[in-house]
Amino acid sequence: MGTRNFVRVSEAPSDTTHRVEQLRNELLEHNERYYVDDAPIIGDADYDALVAELRSIEEEHPELDSPDSPTHRVSGRRSETFAPVTHSTPLLSLDNAFDADELRAWEDRLQRRLGVAEGDERIEIGHVCELKIDGVAISLRYEDGDLVQGATRGDGKVGEDVTANVRTIGPIPTTLPKGAPRVLEVRGEVYMSSAAFESLNERAAAEGHAPYINPRNSAAGSLRQKDPAATAERDLSMWCYQLGEVEGGPTMSRHEEAFDLLRDLGFPVNPEIRVVDTIDEVIGFCDHWEQHRHDLPYEIDGAVAKVSDLGLRDQLGFTSRAPRWAIAYKFPPEERTTQLLDIQVSVGRTGRTTPYAVLEPVFVGGANVERATLHNQDQVEAKDVRPGDTVIVRRAGDVIPEVVGPVLAARKRGLRKWHFPTTCPCPLEADLVRPEGESDTRCFHPECPFQRQGAIEHYAGRGSMDIEGLGERSIAQFLDLGILTDIASIYEIDFDRILELEGYGQTSIDNLRKAIDESRDRPLANLLVGLNVRHLGPSASEALAEHFGHLDRIIEATTSDEGVEALSAIDGVGPKIAETVCAWFAQEPNRAMLERLRAAGLNFEGPDKADVAQTLEGMSVVVTGTLDNYNRDEVEHAIKSRGGKSPGSVSKKTTAVVVGEGPGASKLTKAEENGVPVLDEAAFERLLETGELP
């Protein structure tokens with residue numbers, strides 16, 4: 001959990017007073033766009049940078065500070081579309097922390113506020129840690145067990161009456177069981193799950209609409225629909241995180257007791273809430289969810305720590321905009337806004353063309369991003385991004401950066417719509433063709449240099465023949481010099497010629513020669529993947545290698561009249577893969593290349609069939625987390641060698657989910673939803689041996 005440096009959005013002018021006014025006006029505009037219009041034009045990190053800059057100037061120049069500054073007020077205001085609701089107690093914002101040092105500084109402030117001087121024994125302050133759901137704050141008011149009002153945060157004092165829409169949200173109870181407090185105000189976050197967001201965009205695509213940008217804005221827009229029936233179609237959810245006004249309820253002394261009450265009354269309470277004793281445990285909680293945020297079936301943008309003891313909260317009190325006893329730890333941004341400089345097209349190893357965005361460099365998701373994918377022709381048209389646009393760029397974890405969409409409110413007049421090119425960007429300028437029924441546009445020219453380079457890179461990559469030292473730059477150089485022409489030429493390289501090139505010494509040559517020699521013994525399945533046959537991935541390659549046992553038998557089967565039918569019958573292959581495999585092996589240049597690989601001494605032998613009982617035949621076993629006695633490859637082999645399948649996701653067809661250390665929360669949730677048995681490692685080993693579930 002390292003320190004993060006936020007770049008200033010713009011350079012401060014020499015006139016500090018002018019800069020303060022400029023910052024305040026910018027923040028007020030962004031608050032309006034985010035909280036009222038649900039259409040922000042900058043990302044959260046850029047907004048936080050503006051707030052941090054303004055706060056820094058105000059601290060350095062107290063004479064410029066003002067009670068009306070955005071740094072002292074709850075962001076947002078209510079929309080005029082809905083009736084106003086005055087909150088019985090304000091819905092305040094939270095102060096932010098961006099690294100472990102800032103969390104410790106918050107803890108130090110708590111100690112000082114509670115009267116602990118430096119050097120004195122510190123008070124034990126217990127904390128409740130919660131996920132920071134990326135949604136919309138909501139207040140629910142119940143009287144005599146009935147839901148009488150649902151209201152948004154608004155400006156913290158006055159929100160919007162969205163009661164009719166709230167009643168359509170399934171997880172929110174409209175009546176409470178007997179024994180509920182006479183008056184109960186429940187505060188929480190309305191959000192849209194990842195699955196609901198995907199469904200929303202699928203419907204948008206089917207109806208010819210532009211895709212929605214993100215679940216948070218979609219949830220906010222859905223909650224503010226004028227027609228409650230429209231809200232009902234959006235499949236919103238909610239997690240509760242706080243009590244507001246309560247009359248006639250039980251006496252409580254700790255925050256976690258509120259969650260016990262809420263669970264008993266039927267409210268949705270997040271299962272990841274944890275009660276901890278120390279600030280180190282708070283930091284550990286934040287660090288864990290920063291690493292595992294994508295394991296959840298909904299989006300989070302941070303974590304929240306709150307003082308548990310309600311008496312201590314009373315002593316700590318509030319500032320004008322936030323409670324002192326709580327803090328939000330913000331994760332690094334995964335979405336930022338930047339300028340789209342150009343749209344270009346790349347050509348892959350199978351001729352598939354992919355449009356990509358050339359961007360003004362932006363730091364997002366832990367990396368500087370200058371390029372981002374736009375997926376395909378349909379996606380560019382649906383998103384309608386144009387060179388010159390301000391765009392939202394998303395980079396989540398190790399996922400390839402993508403352009404989510406344009407910020408239409410910031411679009412300049414006169415920007416021209418981008419059209420997909422009709423010719424390949426390679427020197428041959430071959431026609432680009434979009435086959436009927438496909439979403440991809442392709443170059444089919446056999447001499448396309450982009451395809452040749454991509455094919456060799458794929459062959460030498462880790463998922464194929466794993467030839468270390470033969471990377472993108474060296475392959476491009478060797479192609480330009482004629483040292484390489486295709487994948488078989490890897491085993492015909494003139495190393496003496498490479499030695500003459502700048503940057504290559506005898507040690508690097510020896511290492512490359514060794515890596516190429518080692519690739520000759522790779523398993524047949526790796527070779528099949530490396531051949532660059534369209535649709536033929538690792539699973540189907542492994543199925544073919546195990547079924548036929550030798551490349552010659554695959555060649556014989558694919559070139560027979562019944563080839564497609566024979567391959568389609570193999571579990572894990574299917575008709576589409578069978579057709580492309582048979583078509584590839586039927587081409588004389590491909591068979592000639594295979595003979596060159598045979599002459600180079602590559603392994604054509606498949607694996608011996610497993611001599612173990614087929615105890616898992618017909619079963620589908622998903623493994624999540626780390627097991628003590630198996631690594632990832634070993635556990636997959638243990639399942640498949642016994643006739644089972646080892647998919648990466650849980651469905652209704654899953655036989656069992658095996659759970660190790662650090663499991664994915666989303667897989668456990670899906671297992672519970674689908675009634676799939678969950679096994680520990682010992683039960684898994686019994687399943688391998690007997691084929692019987694406990």
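Trainee: Which residue in strand 5 stands opposite isoleucine 138?

Mentor: Threonine 152. Keep in mind that the model is predicted. The two strands involved are strand 4 (residues 136-143) and strand 5 (residues 146-152). They pair in the antiparallel sense over six bridges.

Trainee: How many residues lie between the strands of that hairpin?

Mentor: Two. Aspartate 144, in this hairpin, takes a positive phi near 50 degrees.

Trainee: What is the order of the strands in the open sheet?

Mentor: Five strands form it, in the order 2-11-10-3-9, and the pairing is mixed. Now look for the edges. Strand 2 (96-97) and strand 9 (274-276) each have a single partner strand, so one side of each is left without a neighbour in the sheet.

Trainee: How many bridges pair strand 3 with strand 10?

Mentor: Seven, in the antiparallel sense. Strand 3 covers residues 127-133, and strand 10 covers residues 300-307. As you follow a strand, remember the general rule. In a regular strand the side chains alternate between the two faces of the sheet.

Trainee: Which strands does helix 3 lie across?

Mentor: Helix 3 (residues 100-113) lies across strand 2, strand 3, strand 10 and strand 11 (326-330). Its angle to strand 11 is about 175 degrees. Helix 9 (residues 279-292) lies across strand 3, strand 9, strand 10 and strand 11. Helix 9 runs at about 20 degrees to strand 3.

Trainee: Is strand 15 mostly covered or mostly uncovered?

Mentor: Mostly covered: four of the five residues in strand 15 (residues 390-394) are buried. Strand 15 runs antiparallel to strand 12 (residues 335-347), joined by five bridges. Strand 15 also pairs with strand 16 (residues 402-406), antiparallel, over four bridges. Isoleucine 392 shows both pairings. Threonine 337 stands opposite isoleucine 392, and glycine 405 in strand 16 is the bridge partner of isoleucine 392.

Trainee: What describes a pair of aromatic rings?

Mentor: The distance of the centres and the angle of the planes. This structure holds 11 aromatic pairs. In one of them, the rings of tyrosine 459 and tyrosine 491 have centres 6.4 Å apart and planes at 85 degrees, so the pair is edge-to-face. The pair links distant parts of the chain, 32 residues apart. Tyrosine 459 is in helix 12 (residues 449-460), and tyrosine 491 is in the loop between helix 13 (472-481) and helix 14 (495-499). Both tyrosines are buried.

Trainee: Why is the pair of tryptophan 584 and phenylalanine 585 called edge-to-face?

Mentor: Because the planes stand at 75 degrees, with the ring centres 5.0 Å apart. Tryptophan 584 and phenylalanine 585 are both buried. Rings can also form a cluster, as Tyr191, Trp239 and Tyr298 do.

Trainee: Which ring does the charged end of arginine 313 sit over?

Mentor: The ring of tryptophan 325, at 4.0 Å from its centre. Likewise, the charged end of arginine 513 sits over the ring of phenylalanine 495, 4.4 Å from its centre.

Trainee: Are cysteine 129 and cysteine 426 buried or exposed?

Mentor: Cysteine 129 counts as buried, at 1% relative accessibility. Cysteine 426 counts as buried at 2%.

Conventions: Residues numbered from 1 in each chain as written. Predicted model: local features only at pLDDT ≥ 70, side-chain atom pairs only at ≥ 80, totals over all residues. Heavy atoms only, no water. Buried < 20%, exposed > 50% of the residue type's maximum accessible area, 1.4 Å probe, protein only. Phe/Tyr/Trp six-rings, centres within 6.5 Å; stacked < 30°, edge-to-face > 60°. Lys NZ or Arg CZ within 6 Å of the ring centre and 35° of its normal. Pairing = 2+ DSSP bridges. Contact = heavy atoms within 4.5 Å. Axes fitted to C-alpha atoms, helices over the stretch in contact; angles between N-to-C directions.
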